[in-house]
Amino acid sequence: EEEEAKEAERAAAKMLEGAKERQDAAIFYSGAAREQREDADSRRREHQRDAKKLEEAKEALSKAEAALEESRAAESNARRVEKIASDDLAEQLAMVKQAEKDRVSRARQLTRIEAEIDEAEEQM
């Protein structure tokens with residue numbers, strides 16, 4: 001009986017030791033699982049930050065593209081206005097040149113008329 005009690009005690013001690021080992025393993029795996037969850041949460045938060053930054057970058061790019069298009073349109077309008085002004089200036093210059101030619105022609109005509117008057121006065 002004593003031998004059976006000792007045998008039972010040894011078996012209980014082995015069972016207790018096995019239970020402690022399983023408990024230690026469970027604690028270890030629980031800690032590892034917690035670390036994996038924390039790592040996964042950290043990666044998820046990092047991914048969310050990256051996704052938000054990407055979205056902000058896309059919005060900034062879209063705004064920059066819109067501003068570029070607006071700038072191109074303004075440049076095109078400025079070129080059209082410059083062309084119109086240039087054409088107007090060329091037209092006005094041509095008018096000034098023609099007016100100068102007309103003035104010179106009238107001055108010559110006036111000089112001829114004065115010469116004819118002088119000649120007529122001399123003949124009188």
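How many positive and negative side chains does the protein chain have, and how far apart do the centres of the two sets lie? The protein chain has 25 positive and 34 negative side chains, with 3 Å between the centres of the two sets. Here Lys and Arg count as positive and Asp and Glu as negative, while His and the chain ends are not counted. Each charge is placed at NZ of Lys, CZ of Arg, CG of Asp or CD of Glu.

## About the model

This is a predicted model, in which local features need pLDDT of at least 70 and side-chain atom pairs count only at pLDDT 80 or more, while totals for chains, interfaces and linings use all residues. Residues are numbered from 1 along each chain as its sequence is written, and side-chain values use heavy atoms, with hydrogens and water left out.

## Overall shape

Let us start with the fold. The secondary structure of the protein chain amounts to one helix and zero strands; helices (H or I, at least four residues) and strands (E, at least two) are DSSP runs, numbered from the N terminus. Along the principal axes, the C-alpha atoms fill a box of roughly 180 × 15 × 10 Å. The radius of gyration of the protein chain is 52 Å, whereas a compact globule of 124 residues would have one near 14 Å. That radius is taken over C-alpha atoms, and the globule rule is 2.2 Å times the number of residues to the power 0.38.

For a sense of spacing, take S105 and R80: they are 25 residues apart in sequence, and their C-alpha atoms are 37 Å apart in space. S105 sits in helix α1 and is partly exposed, with a relative accessible area of 41%.

## Surface

Of the 124 residues of the protein chain, 2% count as buried. Buried means under 20% relative accessible area, exposed over 50%, and partly exposed in between (1.4 Å probe, protein chains only). The accessible surface comes to about 11700 Å², and 53% of this belongs to carbon and sulfur atoms. Areas come from the Shrake-Rupley method with a 1.4 Å probe; for residues, only the protein chains shown count as cover.

E114, E116, D118, E119, E121 and E122 form a negative surface patch. Patches are made of residues with over 30% relative accessible area and no salt bridge, with like charges joined within 9 Å and nonpolar side chains (Val, Leu, Ile, Met, Phe, Trp, Tyr) within 5 Å.

## Salt bridges

A search of the whole structure turns up seven salt bridges, each being a side-chain nitrogen of Lys or Arg within 4 Å of a carboxyl oxygen of Asp or Glu. Among them is the pair R44 and D41, whose closest N and O atoms are 4.0 Å apart. Both residues belong to helix α1 (residues 2-123), three residues apart, about one turn of the helix. R44 is partly exposed at 41% relative accessibility, and D41 is also partly exposed, at 33%.

K83 and D87 form another salt bridge, with 2.9 Å between the closest N and O atoms. Because K83 and D87 are four residues apart in helix α1, about one helical turn separates them. Elsewhere, salt bridges that share partners join E3, E7 and R10 into one network. E3 counts as exposed at 51% relative accessibility, while R10 counts as partly exposed at 43%.
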